[in-house]
Amino acid sequence: MARKSQEQRLHEGKTLKAQYEEANLTATWEYGFLESVVSRMEIGRYPSKRQRDRFDAVVEEGVPKSKGDPRLIAKIDDAISH
């Protein structure tokens with residue numbers, strides 16, 4: 001894996017954090033971890049090697065996809081929007 005700069009990690013983290021918020025998945029462990037690491041990077045504290053590895057893994061996984069019947073999920077999403 002190629003080395004990433006702090007700016008690149010911060011950008012990726014902010015982007016993924018916004019995607020989690022858009023998908024309404026703010027109660028997950030991954031979101032909490034992203035929020036913690038991103039806020040620390042914004043104030044100039046760089047994560048440890050293990051934290052960077054886990055952060056990169058979370059970014060690589062992305063936002064989890066919905067499981068189940070796509071038609072039922074679409075109906076639920078439609079009902080939520082009303």
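This is a predicted model: local features need pLDDT of at least 70, side-chain atom pairs count only at pLDDT 80 or more; totals for chains, interfaces and linings use all residues.
Arg54 lies in helix H3. Arg54 is partly exposed, with a relative accessible area of 31%. Leaving aside residues up to four places away in sequence, Arg54 touches Trp29, Glu30, Phe33 and Glu61.

Is Val58 buried or exposed? With a relative accessible area of 1%, Val58 is buried, because a residue under 20% counts as such. Its contacts, again without residues up to four places away in sequence, are Leu16, Glu30, Phe33 and Leu34. Glu30 and Phe33 are therefore found in the contact list of Arg54 and in that of Val58, where contact means heavy atoms within 4.5 Å. Between the C-alpha atoms of Val58 and Phe33, which are 25 residues apart along the chain, the separation is 9.0 Å.

Leu34 in turn touches Gly13, Leu16, Lys17, Tyr20, Phe55 and Val58, when residues up to four places away in sequence are not counted. In the largest nonpolar core, which has 13 residues, Leu16, Tyr20, Leu34 and Phe55 touch the most other members. Two or more residues of this core come from each of helix H1 (6-22), helix H2 (29-42) and helix H3 (49-61). H2 gives the largest share, 6 residues.

The loop between H1 and H2 is the place of Asn24. Asn24 is exposed, with a relative accessible area of 62%. Most residues other than glycine have a negative phi.

Towards the other end of the chain, helix H4 (residues 70-81) contains Ala79. Ala79 counts as exposed, at 52% relative accessibility, because the cut-off for exposed is over 50%. Ala79 and Glu42 are 37 residues apart in sequence, and their C-alpha atoms are 37 Å apart in space.

The view can now widen to the whole protein. There are 4 helices and 0 strands, and the order of elements from the N terminus on is α-α-α-α. The radius of gyration is 15 Å, well over the 12 Å that the globule rule gives for 82 residues, so the protein is more spread out than a compact globule. Taken along the principal axes, the box filled by the C-alpha atoms is roughly 45 × 25 × 20 Å.

How many of the 82 residues, as a percentage, count as buried? The share is 23%. The accessible surface comes to about 6,300 Å², and carbon and sulfur atoms make up 50% of that area. Among contacts with a separation of 6 or more, 58% are between residues 24 or more positions apart. As for charge, the protein has 15 positive and 14 negative side chains. The centres of these two sets lie 6 Å apart.

Definitions and conventions:
Residues are numbered from 1 along each chain as its sequence is written. Side-chain values use heavy atoms; hydrogens and water are left out. The radius of gyration is taken over C-alpha atoms; the globule rule is 2.2 Å times the number of residues to the power 0.38. Buried means under 20% relative accessible area, exposed over 50%, partly exposed in between (1.4 Å probe, protein chains only). Accessible areas come from the Shrake-Rupley method with a 1.4 Å probe; for residues, only the protein chains shown count as cover. Lys and Arg count as positive and Asp and Glu as negative; His and the chain ends are not counted. The place of a charge is taken as NZ of Lys, CZ of Arg, CG of Asp or CD of Glu. A nonpolar core is a set of buried Ala, Val, Leu, Ile, Met, Phe, Trp, Tyr and Cys residues joined through side-chain atoms within 4.5 Å.
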